[in-house]
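Dear colleague,

Please find below the structure for your review. My notes on the contact between the chains follow it.

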Amino acid sequence: MMHAVELQNVTVVYGSGTPLEKTALKDISLKIEEGSVVGLIGHTGSGKSTLVKLLNGLQKPFSGKVSILSEDVWKDPKRMRWVRGKVGLVFQYPEYQLFEETVYADIAFGPKNMGFTGEELDKTVRSAAKFCGLDDSVLLRSPFEISGGQKRRAAIAGVIAMNPKVLVLDEPAAGLDPRGRTNILDGLMEYKKQTGSTMIIVSHSMEDIAKYCDYIYVLKDGSLMMEGSAATIFSNAEGLFEAGLDVPQITKLFIELKKRGLVERTDIYTINKARQLMNSLLGGESDAK
Amino acid sequence: MLSEITLGQYFPGNSVIHRTDPRFKFVLTIFYLVLIFMAKSDVAFLFVLLFTASIILLSRISLKLILKGLKPLVFIIIFTAVINIFWISGETLLVDFWIIKIYAEGIASAVFLVLRLICLITGTSILISYTTSPVELTDAMERLFSPLKKLKVPVHDFSMMMTIALRFIPTLIEETDKIMSAQKARGADFESGSIIRRVKAMIPILIPLFVSAFRRADDLAQAMECRCYMGGEGRTRMKEMKANPLDFIVTAVMVVAFAVVLLLNQLTIAFSI
């Protein structure tokens with residue numbers, strides 16, 4: 001199987017050779033399978049943003065190799081635009097990058113740079129807007145007069161419109177209300193499902209990570225501290241606390257229940273899993289509301 | 001790339017020059033500038049060079065940083081030198097080739113001017129920007145210009161505006177970096193194409209930058225009002241500026257340097273006659 005993203009012994013050093021030298025990432029190796037949803041967690045300053053920038057060539061590795069869809073990102077600088085088109089990167093608070101006169105024109109900025117024209121351009125803009133839950137009336141308005149949640153959607157649509165094979169999102173739902181959060185993340189999952197692309201989500205919300213990700217990487221001080229499925233990662237609560245992170249609320253509940261000797265398992269990280277476990281404990285009935 | 005600007009930057013420290021009252025530093029810098037231009041004879045100028053070197057040593061700022069600060073001005077320095085070498089005529093002809101005539105006087109004056117420029121830049125940047133924090137600097141200016149308040153000049157408001165402007169330079173640089181990354185991720189290209197294309201490519205950076213600058217200004221104004229900022233009227237300071245013995249010693253040193261330059265100027269004239 002082809003890997004969507006592959007990092008081989010990547011190290012990133014900022015300000016190398018000056019007194020302010022700082023190693024942001026130390027010897028990172030990872031392989032992300034095509035079509036998977038990967039979560040990236042770590043406390044502030046653990047190197048998440050640097051890792052994200054590596055993926056589409058905004059950051060050059062000090063040593064090591066970064067490959068996207070089995071192609072070395074830094075082999076040919078002329079292919080950089082290809083890389084940027086394949087790896088869509090949505091930064092934190094992306095609404096601050098909006099600049100065009102209409103939402104439509106802003107979403108079209110990325111695909112235009114990638115060489116989309118005419119009908120193809122129109123189609124990709126409209127489908128991206130749909131994935132992000134923006135209707136046609138919003139498309140013709142100025143990006144500076146719509147609501148904060150809509151701005152976020154417009155900015156994310158601007159990246160999705162490039163039809164990236166790998167979509168990297170840095171805190172896509174930060175600062176949104178609960179409904180906005182679910183809507184945006186569900187829309188992104190819909191995009192993933194329909195196009196078979198790979199998703200990498202950076203978030204501080206353990207609930208979101210637990211709900212959507214198949215595989216999780218934990219960064220601590222520039223190194224990979226843990227990796228594994230959601231069940232493996234969240235059953236190691238001590239490790240996460242040590243990395244300055246947390247477990248989902250529901251997992252905390254089960255840790256407390258175990259302390260009191262009421263349940264055995266603590267690898268419960270979503271409400272659904274908790275419901276199933278409770279049902280089986282209560283005698284296998286399935287009428288949970 | 002944008003973080004490499006050192007000219008006009010503050011390097012925290014605890015040297016004699018860092019501790020001198022910024023008001024004194026401000027006035028003394030003006031004296032220092034006069035001093036550089038007063039030195040007419042070679043010996044007097046040599047003294048000015050030594051004086052500048054001792055300022056560098058006293059400030060304990062590394063030579064590397066100072067040289068880095070000179071980098072953006074290399075072009076002006078070379079330009080001045082070239083003009084002087086080729087355009088000044090004198091008595092001792094050194095090179096006479098086709099239409100190029102180079103005189104010893106030209107070279108001497110080029111060396112003089114280049115050294116003067118370097119003294120000017122390093123001296124003022126050490127005395128003012130490298131060793132004085134922006135807040136101290138604007139405070140000092142407010143105090144120095146406070147007599148103008150009698151003429152209804154809004155001195156406090158100007159100094160507050162300067163403080164805010166200086167405070168936001170690094171923030172805006174960071175913001176520019178972020179916006180550039182975001183637009184690059186959408187395939188924007190800032191490095192290739194004709195000049196018109198490159199200017200056009202700046203639009204996706206400038207518009208978000210201006211929008212966010214206005215937003216920040218709005219937020220800041222509200223935050224200041226929430227903390228009851230009403231302008232300079234009746235405002236007290238956390239750090240009162242008070243002249244201490246050190247400031248008077250530094251001033252005395254400057255006065256002595258002045259006297260020495262004047263004396264050396266006179267002496268050399270006397271000797272040459």
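In this predicted model, Arg81(A) and Asp189(B) join their side chains in a salt bridge, 3.9 Å from N to O (a side-chain nitrogen of Lys or Arg within 4 Å of a carboxyl oxygen of Asp or Glu). The count between chain B and chain A is two salt bridges.

On the side of chain B that touches chain A, the elements giving two or more residues are α8 (155-185) and α10 (203-226) of chain B (helices are DSSP runs of H or I, at least four residues, and strands runs of E, at least two, numbered from the N terminus).

The contact (heavy atoms within 4.5 Å) draws 16 residues from chain B and 20 residues from chain A. About 1500 Å² is buried between the two chains, with carbon and sulfur atoms giving 61% (accessible area, 1.4 Å probe, that two parts lose on being put together, summed over both). Ala185(B), Arg186(B) and Gly187(B) supply 41% of what chain B buries against chain A, more than any other three residues.

As to confidence, the model scores ipTM 0.85 and pTM 0.75. Chain B has a mean pLDDT of 84, with 96% of its residues at 70 or more (pLDDT is the predictor's confidence in each residue, from 0 to 100).

Residues are numbered from 1 along each chain as its sequence is written, with chains lettered from A and ligands numbered from 1 in the order written. Local features need pLDDT of at least 70, side-chain atom pairs count only at pLDDT 80 or more, and totals for chains, interfaces and linings use all residues, while side-chain values use heavy atoms, leaving out hydrogens and water.

With kind regards
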